Amino acid sequence: MTQLSEDRFAMGGKLLPLEEVQARIAETFECRAGIETVALREAVGRVLAEDVVAPIDLPPFANSAVDGYALRHADLLTDRPTPLPVRGKTFAGHLPQPLEPGAAARVFTGAMLPAGADTVQMQEDCEERGDSVLMRPGIGRGANCRMAGEDVPRGASALERGRRLMPPDVGLLAALGLERIAVRTPLRVALFSTGDELVQPPARLAPGQIYDANRAMLTALLTRLGAVVVDGGILPDDPELTQSRLREAASRTDFVLTSGGVSAGEGDHVRSAIEAIGELTFWKVAIKPGRPVAVGQVRGTPLLGVPGNPVAAQITFSLIGRPLLDRLAGATYQPPRRLFAKSGFSLRKKLGRREYIRVIVEASGVAQRYPKEGAGILTSLTHTNALAELPEALTQLSIGEPLACIALSLLHG
Ligand code: AMP
Ligand code: MG
């Protein structure tokens with residue numbers, strides 16, 4: 001039975017490996033977003049449209065990393081403590097006097113180093129004696145000093161275009177004195193669910209009906225990626241209506257995303273609609289769950305159809321939709337980092353496709369399989385913390401073997 005359905009999917013063309021999908025996306029689609037400038041406080045999550053070159057040294061001047069005493073390293077004895085007279089005191093934000101020869105100057109964290117000083121001794125390592133201070137030997141030259149430009153030198157690249165700005169990026173841009181940032185304009189994404197069985201509250205469920213989970217989930221994923229969602233609602237399983245609604249959406253948005261209706265079944269009309277009114281780029285990908293998906297264009301507007309089962313919808317959106325959306329949004333796609341856990345289970349697997357199973361990676365580093373596995377089991381994503389990735393070539397996994405895992409938090413934008 002399983003064998004039969006595998007063959008049905010394989011018929012009429014080979015399954016694309018995931019790496020090839022990403023390469024196909026890169027060669028088929030281009031950035032569709034414009035450029036605008038925004039205030040830095042609104043820039044988090046936005047895509048940098050230009051490289052940022054540091055307009056100043058960061059830090060802008062040499063300063064002390066600690067509360068202590070600035071001195072010339074050459075004045076320290078190497079074999080016993082050195083007494084130095086204390087001359088001058090500098091707080092952060094204030095100008096120091098040049099350091100007198102053979103003296104130390106009191107400095108606080110962030111204060112400019114006095115001219116002539118090349119080392120700072122932490123106050124905890126000094127013995128204060130009235131007007132002088134006893135310095136312990138053994139400190140290295142340059143200790144506890146932060147040099148001008150040591151973080152980013154002026155003129156160097158601070159952040160590269162295509163980066164989705166994270167909170168620390170915003171901190172870096174602020175430290176460089178930048179106030180307005182060139183970013184990509186948000187993509188407008190038309191979103192549809194498909195299926196005669198789907199309803200939306202406040203409607204009550206009639207026999208055979210279910211509530212639409214995917215539109216809410218995909219809206220959340222898209223919103224986190226900075227897209228503006230144009231809600232197309234629920235499409236009934238009707239070929240003409242599917243075609244006309246997709247055509248209309250394609251003419252008004254930058255990207256069309258649908259869920260459901262992409263299999264080869266009789267009630268599935270999304271893939272055939274793309275073929276009828278546009279162009280199908282590919283639709284068979286060697287991953288499970290998540291196959292088939294439909295990637296194509298309608299009237300020059302890219303379109304992605306993910307499967308209807310919510311888990312498959314989420315996983316394909318994250319592994320195929322994300323690189324596609326990043327491409328369209330002018331963002332550089334960063335595949336989610338895989339970390340290795342120890343498998344807490346064994347399994348057998350079909351050769352030639354990549355499988356993703358939901359696991360809980362415990363604090364010990366052991367990954368336990370979520371007991372309910374189906375592509376429709378929503379709790380397999382809400383009650384776990386990672387996707388274990390089983391490579392194409394693997395056919396058997398044993399307990400204790402290393403298991404590549406993607407943290408779910410990385411997949412959720
Ligand atoms: P399909 O991909 O259209 O063949 O749908 C596969 C399975 O996913 C079916 O059990 C559908 O009822 C279910 N499904 C499709 N769309 C949704 C949705 N938006 N929310 C929840 N379940 C869905
Ligand atoms: Mg359906």
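How many disulfides does the count come to by the rule I used, in which a disulfide is a pair of cysteine sulfur atoms within 2.5 Å? The count comes to zero. I looked up Cys 145, which is in no disulfide, and found that the nearest cysteine sulfur, that of Cys 126, is 13 Å away.

I note that this is a predicted model, where local features need pLDDT of at least 70 and side-chain atom pairs count only at pLDDT 80 or more, while totals for chains, interfaces and linings use all residues. Residues are numbered from 1 along each chain as its sequence is written, and side-chain values use heavy atoms, with hydrogens and water left out.

Next I checked burial, taking buried as under 20% relative accessible area, exposed as over 50% and partly exposed as in between, with a 1.4 Å probe and protein chains only. Cys 145 is buried, at a relative accessible area of 12%, and Cys 405 also counts as buried, at 5%. Of the 413 residues in the protein, 46% are buried.

For the overall form, I recorded a radius of gyration of 30 Å, whereas a compact globule of 413 residues would have one near 22 Å; the radius is taken over C-alpha atoms, and the globule rule is 2.2 Å times the number of residues to the power 0.38. The C-alpha atoms fill a box of roughly 90 × 50 × 40 Å along the principal axes.

Last, I looked at contacts, meaning heavy atoms within 4.5 Å: among those with a separation of 6 or more, 70% join residues 24 or more positions apart.

Definitions and conventions
Chains are lettered from A and ligands numbered from 1 in the order in which they are written. A disulfide is a pair of cysteine sulfur atoms within 2.5 Å.
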